[in-house]
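Please load the model and keep the selection panel at hand. The tour goes from one stop to the next.

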Amino acid sequence: MTLLVAQGVAKAYPGPDGPVEVLRGASLSLDAGRTLALTGESGSGKSTLLHLIGGLDRPDAGSILLDGTEVTTLSDKGRAHLRRDRVGVVFQQFNLIPSLRAGDNLGFQARLKGQPDAPWESRLASRLGLAAHLHKFPEELSGGQQQRVAIARALAAKPRLVLADEPTGNLDEASAEAVLALMLDLVRETGAALLVVTHSERVAARMDARLRLRQGRIEERIAGAPAP
Amino acid sequence: MRALLAHWRRHPLQLLTLVLGLALATALWSGVQAINGEARASYDAAAQAVGEGTLDALLPPEGRRVTTAEWVALRRAGWLASPIIEGRLDGTRVLGLDPLTAPQGLGPLAVAEDADLSAFLSPEGALAGRADVLAALPPTVAAARIEAPGAPPGTVVTDLRTAARLLGVSGYDRLVLLPDQPLRRPPLADVAPSLRLQTPGEAADPGALTASFRLNLTAFGLLSFAVGLFIVHGAVGLAFEQRRPAIRTLRALGVPLGTLMLWLVLELTVLAVLAGALGLLGGYLVAAALLPDVAGTLRGLYGADVAGTLAFRPLWALSGLAMALGGTALAAASALRRLATTPLLQAGTRRSGAAYAVRRACRQALAGAALLLLALLIGLAGGGLIGGFATLGALMIGGALLLPLLLDRVLSLGARLSRRALPRFAWADARAELPGLSLALMALLLAMAANVGVSTMVASFRATFTGFLDQRLAAELYVDGVSEADLAPLLPEGARILPIARAPRTLAGLPGQVLTLRDDPTYRENWRFLQSVPGAWDRLAAGEGTLVNEQLFRRARLSLGAPLEVAPGLTLPVLGVYGDYGNPLAEAILPEALFSRSFAQPPEGFGLRVAPAEAAALAARLQAAFPASQVIDQAGLKALSLSIFERTFAVTGALNVLTLAVAGFALLMSLLTLADTRLPQLAPVWALGTRRRTLGRLELIRATGLALLTALAALPLGLALAWVLLAVVNVEAFGWRIPLLLFPLDWLRLLALALLAALLAALWPALRLSRTPPAVLLKVFSDER
């Protein structure tokens, strides 16, 4: 069952010498429960596409259908509800909320959604090795611990789609491998789909399929990647 | 230099904060100083014209004036004395001097430099005074008028003959003695035995009398300045912190630290001078707006004439600039020191986060607790007016330093008790933001505590004063300038006459007056003693003692039953103490018989007791028989007294509002400068499914919530301040103690005002946040890559 379909998505940002076209009609699709890697050079538009799919910004053209909802026509309020209820995001810099302890960060989105699930949060914490650190503030955690809290936060609200932007980009190789394995396990456990933006061939190779973006367009479809 | 200055181009708001904060601080400080300077200059002008507070004088005995024979005898004996006639003509003070014998630099020729001596000695005479004073003289006054800008305010100076003619007196009020007297001259007792030598210290110097009032203004000015410095401190600290990477790069490229520090100091100096100049302009405007009320206050409360218009004084401008420079140095010292001592390779020292906030708040609270202890110790040890103000200072700063920890504890409790995501985030976020906002909140606390304290003092004073007026102004009508014999035929049956007579007299070494009261139920029923011996009224009527006002009782350290010399050769025990608010003089009361035996002073007016229903008809009869201005009804007199009172505190009220406005501005600037650093904290909350509008609303709630908590903390601090003002400062400054009364409605009004100020301060940053484009928020996630 197709969870996500993006068609002809375009986006430009104002630059000093006029608008800079970041996406020029990118298209992709992703089935529920599947994982997809989005690769490409820096500035190819990977993160922008991720943000548009997650309802963090609005495209200039094209359509994005997520779980039966047309994201591009949603109001600010509608997009906020979409992010809260159906999308989990993991950022490269973790971007935990600095004023909340790890435990509160972990359960934040689920509580915001109004569906906290303490046993599930507790299981996530223990699976990610965070049980002893939940009382700490983000500044008191290591990079690896912070990233694990960010993953737990994204999964605690049981989203339909998890978006991860270079989830292991700030971790050393060993930590990156462990965190990635855990993330994939947990995503599969929840039945969510996962879309990962990455530079890493190793990370991309762990996904069910991968797409390469070049100058704002999907340049290459690797085996397993469904056509939109 | 260009690299350093580029910071201000990129952060114009910060530059505005710095300049405006310093300008506001300087404006309020220099405004108050301009007012004080004008008052001081007025007293100096008065002193120069009549030798007040500077020259010895010879005074006549009670009840009579110095005669020409006495003056001539003294001159012949070698005493260099010059006579003075002094009185009031329709509210204008008339000073008569002898231009030929007056000390050099004294008298009409001194105040009107280009005046012709012959004009003063002509049969018509001449009056020298400021233009506004001359214009206010009745047209019927027959004398030439000479404009003299250097004359004391509210005063015309003339020769003896013209003064005697205008005031309708003969003889002189006193003889002033020239500073350089011949060494060989006969003793005063041999030449004019009935005259008494008064040294300058004994005279009622208006400068000294009003010193406490001006000290209060200075304290307020200093408080406003301190609140302004909080803004500057915050702005400089943030600017230096943000420039740290640029400074590190410059140092790494080989620019010596000393050169960088020199440039930074130079830059701050230029900004301070610019802001100081703006502040001086503001201060001049503040002073010009407030001076008429202050002049009214000093005239009403102390009888001291002060010019109602402002002159520009270079010394004032220089001292204002010096304050701006000194304030900037004080506010920037810690930031400069941090910059100078941080090793080249070390990253910024500014920390954020809740854990750091708690540690910092604990350190501040320790210092605050120490200061509160110090305030208590100073308060217990006494130490006069200076001690009182030291207690106030320690109390205020100590309270302000305790605020961050107090807020941290409350916010932490709120976060623990919240179950839902956004409320819990809001509590925790407010807690984490405390270090950035604490300076502005401390400024708000100080402004609000000062408001609560001063308004409680004023309201307590007003309530006590109104009650006091009800006691003192019990008679239905008051008539001036008539005799009892003229009055009696006009009064209805059963009416009672209460004569009002007073004689100036030094009491226990203090400038004062002796009053007389007729033994009448009016006084027994209406006056309330602060302390008294049993049967005080009966014993007073029997001539067995005297009553004294609180000022005399406290300043002379009297006790009930203590002897007091109330008239030449008449020493009586103190029978009771009465409140006498607004009177700067020591005062004692004698029964009618004793008073008339000791002083030849005729009554200056009469209080009339009639049935209230008959008062209006009697007033009409009296106004038909005497000039209408001589008949005043009780309500009119009360209204007049209250209007003087209200004017007195109009200035305090205006300064209160200004201080609160500065605190509101501090909050606005803190919120605006913090707004940019807030995005990394708010963007994740937005990304996880919160609307920008909701985040904007949370910002508003956070600011008003913090203001509410600060206001609640300001209440006990303000009441403590009021207590110190009423129980220590007022007693030392004015000699009376007023009970502390509570006015919860005033607090609610102030609370609403503070919340409104916080809401207004937070409105713009909140609006900006709610309209931040998603692309800007997304930069938080991409820029850090």
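An axis here is a line fitted to C-alpha atoms, for helices over the stretch in contact, and angles between N-to-C directions run from 0 to 180 degrees. Keep in mind that this is a predicted model.

**Stop 1: a helix pair in chain B.** Select residues 384-417 of chain B, which form helix 15. Angles over 145 degrees count as roughly antiparallel, so helix 15 of chain B is roughly antiparallel to helix 24 of chain B. The crossing of helix 15 of chain B with helix 24 of chain B is right-handed. Now colour their contact by residue class: 21 residues are nonpolar, five are polar and one is charged.

**Stop 2: chain A as a whole.** Switch to chain A. Show it as a cartoon and find seven helices and ten strands. The radius of gyration of chain A is 17 Å, close to the 17 Å from the globule rule for 228 residues, so chain A is as compact as a globular protein of that length. Its C-alpha trace spans about 50 × 40 × 40 Å along the principal axes. Of its 228 residues, 55% count as buried. Take the contacts in chain A between residues at least 6 apart in sequence: 68% of them join residues at least 24 apart.

**Stop 3: one residue in chain A.** Zoom in on A:Ala204, in helix 7 (residues 201-205) of chain A. Is A:Ala204 buried or exposed? It counts as buried, because its relative accessibility is 2%. Next, pick A:Leu38. A:Leu38 is 166 residues from A:Ala204 in sequence, yet 7.6 Å away in space, C-alpha to C-alpha. Finish by showing side chains for A:Ala37, A:Thr39, A:Thr198 and A:Arg210. A:Ala204 touches these four, leaving aside residues up to four places away in sequence.

Technical notes
Residues numbered from 1 in each chain as written. Chains lettered and ligands numbered in written order. Predicted model: local features only at pLDDT ≥ 70, side-chain atom pairs only at ≥ 80, totals over all residues. Heavy atoms only, no water. Helix = DSSP H or I, 4+ residues; strand = E, 2+ residues; numbered from the N terminus. Parallel < 35°, antiparallel > 145°, perpendicular 65-115°, else oblique. Left-handed = near helix turned anticlockwise from the far one by under 90°. Nonpolar A, V, L, I, M, F, W, Y, C, P; charged D, E, K, R; others polar. Rg over C-alpha atoms; globule rule 2.2 N^0.38 Å. Buried < 20%, exposed > 50% of the residue type's maximum accessible area, 1.4 Å probe, protein only. Contact = heavy atoms within 4.5 Å.
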